[in-house]
Amino acid sequence: MTTDQTPETRPEDQAMEDIGALLGETNDDWSDADDDAERTPSNLMRLLGFLAKGEGGWWTFGVLVFICVVFGVLAPDFFSRSNWVATSEYAVEYLMLALGETFVIATGGIDLACGAVLGFSGMLSAVVMQSMLGGHADTLLITVVGVVVAIATGAAIGLFNGFMVTKAKLTPFIVTLGTLGMATGGTYLLDNGNQVSNLPPQIATLGTTIWLSGWLPVIFVVAAVFAIGASVLLSRTRFGMWTYVVGSNPLAARRAGLKVDRHLIKVYMLSGMLAGVAGVLVTARFTIASPIAGANDELDAIAAVVIGGASLFGGNGTILGTTIGVFVVSILVTGLVLVNVQPFWQQVAVGAVLLSAVMLDQLRRRLAVA
Amino acid sequence: MSENRSQANLASPDASGVGADPPIVELRNVGKHYGRITALKHVSFSIRKGEVVALVGDNGAGKSTLVNIIAGALAPSVGELLIEGEPMRFRSANEARQMGIETVYQDLALANDVPAWANLFLGREIKRRGPLGALGWLDKKAMIGAADEALGRTKIRIKSIEAKCGALSGGQRQAVAVARAINWGSRMLLMDEPTAALGVEQQHQVGVLIQAVREEGTPVLLVSHNLPQVMAVSDRILVLFHGHLVKELATARTTTDEVIKWITGAGLVRQAAS
C-alpha cells in the first residue's frame, strides 16, 4: 500500500481532471447537437425532416395520395371497381406478410423466410386437403384442417427461426435466409413441383366471394381484420410495448426483467403464422396451390414496412405505416399495368420508392432524434 | 410485494431515533478475489436513511466490483451484506432490486424509441382491469399519470412525458432513469457515474436529482469521478485504493485536495510517516 508516491503527484491529477472535463464537454456537444444554432439544417432539409418525423408516416400517406392522383389522371380506369378489386386482392398477401414483418423489424430483426413460408404452408395445407378429399370427411371440416395445418406450419418454422436467433445466437438475416431456402425447396418436394387444384369448394368460395356489390373481396376483409388485430397488438398491449423495447435496447430490456429470448421467439412465430394464413388466402385467391406462390414476396413486404416508416435498426414501425406502405407498393404495380408500362418496370419503381424511404429514414435519424 | 414491504418501512415513524435503526445497507468485511488476484479486501461500511454517500477511487481501485456486489450482479468471496440488519445473498441484480436496491447504470438502460412514461414501467407495465387486461391491454392513462407524478418528485422538468426518451436531453434522461428507480419504493439508490457523459448544466440537474431523492429519505450511494459534484452533494466520502477502503471523510470537514490525496494514495504515505 505505502508506495513511494508523494503528495507532489498533484499536478498530474489536476491534468487528468482537466482532460476528463474536456471529454465530458465534448460528449455534451455531441448529444445536444440539434439544440445548437450552429448546426441548423437548411430549410429544405427541415421540411423533409418534418415530413419524415411523423412516424407511421404522413409523408408515406402523401406519397400514396400522390401516386393515386397521378394514375387517376393518366388512366381513367384507375378509380374503377375492377381496378380496386384487383389492387386489394393483390395487396392481401403482401399485407399479411408485412404485418408479421413489422413486428420482426421492430425487434431489430428481419424475416427473409416469410414468402417461402407462405408458399410452403399453402402447399402443405393443399396437399393435406387434397388427400382428405379422397375420404368421406365433410369439405368444411377439410377446409378447417387445411387452415390449421397452414398456420401450424408457419408457427413451427417461426419457432425454428426464433430458436436459432435466440439460442444458437445466429443473426436473423442468416437464419431466415436458411429457412427461406429450405422452405422453398420443401414446397417443390411436397408435390414434385406440381400445382394442387383438387381442393374443397369452400376454398374457392373464400377466394371468389366479393361483398358490397362487388367492391369488397372477402380475402381482403380477412387481411384487414388481421391488420386491425396486429395494430392493436403492437400499439396497445404489453406484447407490442416489449416488441419495441427489445428492438430499442435489448440490454435494458434484460435488466428490466423482460424475457427477451422468449419474446423474440414469439415474434418470429407470429410472423410465421401470419405467413401461414397468407398461404391459405393465396391458394383461395387462385383456387389453386402453386409452388411458386410467395416467391420473392418477402422483399416487397420488407419494402412496404420500411416505406411505412420502420427502421431496420429496430424500435419503431407501425401497422398503419406498413399498411400504407403495402398500398404504395400494390398501387404502383397495378397502376403501372393500367397505364401500359412494361411490367418489368414495376420492380424498378418499387425499388426506387424503397430507396427514397430509407434515405428519409436516415434523414429522420439525423434531424429528429437528439 | 416488495413495494408493500418497503412502504411499510418508510411509514415507520423513526425520525427521532435514526441512529437506533439498523443501517439500510451494511457491508461487513466484504472481499472479492479472482483466483489469486484480490479486487476488494475487508471493506466495511454502512449507509443510513437519507444519506448521500459518495464512493471515489482511481480506476482499478475496486469501485466497479463493490458496486456490482451491492447491485447483486456479483457475489462477494467473503464477508456479509446486510439490508436493514438482515444478511442477504443476492444471486442476481433482479433479486437485489426486489429487496429495494435500485441501480441507475451509467448507460441508464433506457429504451430510446419508446416514450418516457413507458420507460418508467419497463417490465412492470400496468394492464387494464377486466378481460382486456388479461389479454395484455395496457392502461396507458394510469401509467402516464403515475409516471408524471414520479418525475415530479425528481424536480426535473422534462419536455413531455409522452416524448420518446431518445428526444430528451442527458439530464432529462437521467431524471427518467432515477424516477424509475425511486418509483418502486426503493430502499437505496445506487448511481454509477451519473455525470460521466454530461455537460455542466446537466451535471447540475443530476445534483438536483440526488437532493430530491435524499429529501424523500432514500439514501444514495454515488459512484463518481466528478469530485466537485461529490463535494457538493454528498454527506460522506468513502475512498477506495487498491481494493481497500482507506478513508472515510465527512464532506463538510474535508477539501477536494484531501480527497485527491487519499485517492492517489498520498494520504497513506503521510499517515505512515506520522
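## Chain B overall

In chain B, 65% of the contacts with a separation of 6 or more join residues 24 or more positions apart. Contact means heavy atoms within 4.5 Å. This is a predicted model: local features need pLDDT of at least 70, side-chain atom pairs count only at pLDDT 80 or more, and totals for chains, interfaces and linings use all residues. Residues are numbered from 1 along each chain as its sequence is written, chains are lettered from A and ligands numbered from 1 in the order in which they are written, and side-chain values use heavy atoms, with hydrogens and water left out.

Chain B has 11 helices and 10 strands. Helices (H or I, at least four residues) and strands (E, at least two) are DSSP runs, numbered from the N terminus. Of its 274 residues, 53% count as buried. Buried means under 20% relative accessible area, exposed over 50%, and partly exposed in between (1.4 Å probe, protein chains only).

## Strand S3 of chain B

Strand S3 (residues 52-57) of chain B is largely enclosed by the rest of the structure, because six of its six residues are buried. B:Val52, B:Ala54 and B:Val56 point one way. B:Val53, B:Leu55 and B:Gly57 point the other way.

S3(B) runs parallel to two partners. Four bridges join S3(B) to strand S8 (residues 220-223), and five join S3(B) to strand S9 (residues 236-241). Strands pair if DSSP finds at least two bridges between them. B:Leu55 stands opposite B:Val223 in S8(B). In S9(B), its bridge partner is B:Leu238.

## Helix H2 of chain B

Seven of the nine residues of helix H2 (residues 63-71) are buried, so this helix is largely enclosed too. Among them are B:Leu66, B:Val67, B:Ile69 and B:Ile70. B:Lys63 is also on the buried list. Just after H2(B), B:Gly72 takes a positive phi of about 90 degrees.

## A buried arginine

B:Arg173 lies in helix H7 (residues 170-182) of chain B. This residue is buried but has no salt bridge. A salt bridge is a side-chain nitrogen of Lys or Arg within 4 Å of a carboxyl oxygen of Asp or Glu. The nearest side chain of opposite charge, B:Asp107, is 7.8 Å away. Lys and Arg count as positive and Asp and Glu as negative; His and the chain ends are not counted. Beyond its neighbours within four places in sequence, B:Arg173 is in contact with residues including B:Leu108, B:Asn112 and B:Cys165.
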